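Welcome! Take a moment to look over the sequence and the model below, and then we can walk through how some of its parts pack together.

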Amino acid sequence: RLRKTLYGLRQSPRAFWQYMTDKLDECGMKQSELDPCLFIGPKVICIVYVDDLLFWARDDADIVELAHGLRDLGVDLEEEQDAAGFLGVSIEYDSATKTMEMRQDGLIDRCIEALGLDANTSNTTTRPSSGQPLPRDSEGEPASEEFNYASVVGMMMYLAGHTRPDIAYAVNCCARYMFCPKRSHELALKRIGRYLLATRDRGMILDPNQELADLLTVDCYPDADFAGMYGHEKSSDPTSVKSRTGFVITFGGCPVTWQSKLQTETALSTMEAEIVALAHSCRVLMPIIDMTMELLSAFGMKLDSTTMKVSIHEDNAGALVLGKTLPPGFTPRSKHYAIKTIWFREQIV
């Protein structure tokens with residue numbers, strides 16, 4: 001019988017996670033009820049991603065003390081100088097402007113190399129997408145490039161989800177055809193690559209607004225594109241009438257999470273498309289609010305209407321009317337989907 005798990009066994013990841021959780025708990029780090037990868041201590045916050053740990057504290061000495069405590073318990077830690085290499089994301093702080101820039105130059109280089117682009121000979125573009133919908137193109141020219149389409153899309157999805165929200169829409173359009181790409185999809189993917197080539201040294205700048213940060217301001221900006229594929233996709237394809245959801249959530253003026261994707265249901269009006277996008281963004285927004293409350297309580301800070309402000313910025317008149325209607329009420333044209341909006345309307349009202 002094995003006394004300890006071996007690398008490569010099916011149960012090894014779970015065993016390592018239990019081991020890491022127990023050691024952090026012995027050091028006084030309590031696991032968050034909202035995020036199992038977040039551990040909160042009296043003075044230190046720890047984020048665990050597989051075998052990478054990121055610590056935060058007001059005083060570096062508190063982090064050093066926790067690291068020594070883990071080492072005394074047998075955890076073999078390898079210390080990094082800063083958070084620059086955490087998950088391949090470099091973080092550069094500008095003391096003059098007091099801003100941080102998050103970049104993934106290495107991953108961008110891998111995307112450019114995989115696509116066969118060259119900085120000296122390849123043309124660049126200032127936009128990752130042409131602005132036109134990317135249809136299935138079932139009768140179009142077959143794929144002919146040598147690069148692995150699915151692999152490049154996967155790298156770009158990781159890039160778009162961490163430091164480059166500007167390519168989120170374009171990457172999502174290409175990701176719909178990972179298993180049967182056409183020549184038009186390859187060209188769209190290479191266009192994103194040429195855009196990354198032109199903006200390789202750019203990243204996401206975090207410039208918190210001091211007034212918004214002091215008030216703990218959370219802003220949610222949902223939007224929808226009603227039946228954006230209609231007229232571009234074949235009418236026999238159900239996706240031809242799908243709408244698109246897009247939203248970004250900021251904390252203190254800094255983007256925290258964002259998304260662009262096709263809706264799974266068919267909206268019958270712009271109002272319904274906006275409501276679907278609003279509901280989707282609220283499903284992400286509410287846990288962020290709960291997480292903020294948990295972190296504040298851990299540091300002994302009081303949270304009330306004077307210390308935190310949450311705003312949802314909706315631009316559709318019909319969606320605003322329904323959102324402000326007391327549940328379980330609904331408007332005449334929203335009765336067929338009003339029930340699923342009750343949960344977030346209860347939170348808003």
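Predicted model: local features only at pLDDT ≥ 70, side-chain atom pairs only at ≥ 80, totals over all residues.

## Helices that pack together

Residues are numbered from 1 along each chain as its sequence is written, and side-chain values use heavy atoms, with hydrogens and water left out.

Helices here are DSSP runs (H or I, at least four residues), numbered from the N terminus. Two packed helices are described by the angle between their axes and the distance between the axes. The axes are lines fitted to C-alpha atoms over the stretch in contact, with angles from 0 to 180 degrees between N-to-C directions.

| Helix pair | Axes come within | Crossing angle |
|---|---|---|
| H4 (residues 149-162) and H6 | 11 Å | roughly 40° |
| H5 (residues 168-175) and H6 (residues 183-198) | 10 Å | roughly 155° |
| H3 (residues 105-114) and H4 | 10 Å | roughly 155° |

H4 passes H6 in a left-handed crossing (the near helix is turned anticlockwise from the far one by less than a right angle). Where do H4 and H6 meet? Tyr-149, Val-152, Val-153, Met-156 and Leu-159 of H4 touch His-185, Glu-186, Leu-189, Ile-192, Gly-193 and Leu-196 of H6, with contact meaning heavy atoms within 4.5 Å. This contact has eight nonpolar, two polar and one charged residues (Ala, Val, Leu, Ile, Met, Phe, Trp, Tyr, Cys and Pro count as nonpolar, Asp, Glu, Lys and Arg as charged, and the others, Gly among them, as polar).

The crossing of H5 and H6 is also left-handed. Here Ala-170, Val-171 and Cys-174 of H5 meet His-185, Ala-188, Leu-189 and Ile-192 of H6. Six of these residues are nonpolar, one is polar and none is charged.

H3 and H4 are roughly antiparallel to each other, and H3 passes H4 in a left-handed crossing. Leu-107, Ile-108, Arg-110, Cys-111 and Ala-114 of H3 face Val-152, Met-155, Met-156, Tyr-158 and Leu-159 of H4 in this contact. By class, nine residues are nonpolar, none polar and one charged.

Conventions
Helix = DSSP H or I, 4+ residues; strand = E, 2+ residues; numbered from the N terminus. Parallel < 35°, antiparallel > 145°, perpendicular 65-115°, else oblique.
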